[in-house]
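Reader: I would like to learn how to read strands and helices in a model. Could you take me through it step by step?

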Amino acid sequence: MTDETNEAPVGVNFSFDEYPTLLAMQQSRAKFRTVIGPAGSAKTSGILAMLLILALQQKPFRGVRKSRALVGRASYQQLSKSTVVSLKNVLGSVAEFTDGKPPKGRLYIDNIGDGTAVDMDIVFIALDGDNVASDLRGLEGSFGFLDELSELPDPEIVALFVSRLGRFPSKLEGGCTCQGVVFGATNGPRAGSWLHEMYLGKRKEEFDAIELATGRPYWEGFRQPPALLRPEKPGDPWRPNPYCENAKNVPGGFGYWQEMTAMSEPQRQAFILGEFADLVAGKVVYPGFGKIHVVSHAEFKMRWTKGPIHLATDWGRTPVCLVAVERPDGGLVVIDTFQAEDISAEGFWDNVVGPGLAQRYPGCRIASATGDPAGIDASAATETSPFLIWQSRGVPMELPGPGRADRLQPRIEATRNRLARLGVTGIPMLTITDNCKLLIDAIGRNYVYQEVRGAGAGVVSDVPTKSHKLWVSDLANALEYLCLYKAQDLETAGDDPYGAEMRPQRPMI
């Protein structure tokens, strides 16, 4: 069929000869195939043509080639407003779609020229819901498509999606002959993401082991050429790339991408070059945070006289603890972080924080400790609480502010206030040493008011997103509790930020 002509089949106007990257993707043997490229480079259209090819290649049973395509994206709003529209544009001559939550689709062709019919169900699923894992476990598909793959934050959900394919039709109806192929497409994803790690080869050993066991590659990644070429020197224009795929089909030709050169550098990387970029998925909670708030840990250690330390915690399945010191002028310097997964408050102190403090800061006195007010709640099983557990180990735990409530807005304002104010020496009243990379990354980029899907560009939630991947919200919340707890101390107390006042009085570690 299309393998010989490189043309998309039956009513679909798509020539793979014009898209060498997509042709290589279509001919790959891998089960999971992903492509990264500039905006408007026909990634989605090409993959939809690939789905139809697989439907046509399915072995017929009683004269019908039955298959089921699973199509996933982050939300139902994105599916309805973008992905379904693309399917209608490409497959509309041979498929019907109905709106709903979820939308539904079915492709049926009476006779493809050999006397057999094609019957393909199209099942849409949003991958950001609370019950998505259980929903996926109840699905059985033939092949699949993950649209805007970089929007999916959880690689485990992606792996579960991949595992649900190659299961339809049943063996009683001839079985699935496409081996459960999954296609994924995206513009330039966020640097440091799970997809970035795959393209960097960080999971190569794992995928090689799967190939050894199954006899076929598990994953193969493809990259389309950039749409434009960077200026050769400052002041020169961006140049059309003669190897760009789909330039003749986008409105305005290369002008489509030339207009994008007015975007920020990360956006140019993602949408023009198809590169991994430092994109922010929403509006950062602390836009005032910058390089001025990051200080050298090595330089700080040389000047610091091992004074009293202050702790701030966030509990739960991904607990964290920040270590800070206070300057004589009231400024706070976060000098270290501890984090763990699936550990009790008792285990977190006994196995992580306590030994870590003793090793890194021997002889230092814990002057204060605060954290998530939820930590005063006792467990029904143990009749104790994280606060009580740490207090029993000599940690002077106190609530971050008056009252029992977890005060979101006051703690955000307390943190913003410290970031914005300068001490008497011109140093911000909140700084972080450069060894605290996860905290810096969380505050500077990943702790965001997430965009409200389907609400229009620039509309964001009024509550920061709860992302526990790499302890983003956990670290940010612990910093907020620290700033709220120390809000009353925002007064100058001298002009030597590392003076003698910081020397310890009584060891507690």
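Author: Two strands pair if DSSP finds at least two bridges between them, and the elements themselves are DSSP runs numbered from the N terminus, helices being H or I of at least four residues and strands E of at least two. This is a predicted model, in which local features need pLDDT of at least 70, side-chain atom pairs count only at pLDDT 80 or more, and totals for chains, interfaces and linings use all residues. Residues are numbered from 1 along each chain as its sequence is written, and side-chain values use heavy atoms, with hydrogens and water left out.

Reader: Which residue is the bridge partner of T34 in β7?

Author: T34 has G184 as its partner there; strands β1 (residues 32–36) and β7 (residues 182–186) run parallel and are joined by 5 bridges.

Reader: What is the order of the strands in the open sheet?

Author: The 8 strands follow the order β3-β4-β5-β2-β6-β7-β1-β8, with mixed pairing. At the edges, β3 (95–98) and β8 (219–223) each pair on one side only.

Reader: At what angle do helices α14 and α16 pack?

Author: Axes are lines fitted to C-alpha atoms, for helices over the stretch in contact (heavy atoms within 4.5 Å), and angles run from 0 to 180 degrees between N-to-C directions. Helix α14 (residues 408–420) and helix α16 (residues 472–485) make an angle of about 80 degrees, their axes lying 8 Å apart. The two helices α14 and α16 are therefore roughly perpendicular to each other (65 to 115 degrees).

Reader: Which residues of α14 meet α16?

Author: P410, R411, I412, A414, T415 and R418 in α14 meet residues of α16 that include Y481 and L484.

Technical notes
Parallel < 35°, antiparallel > 145°, perpendicular 65-115°, else oblique.
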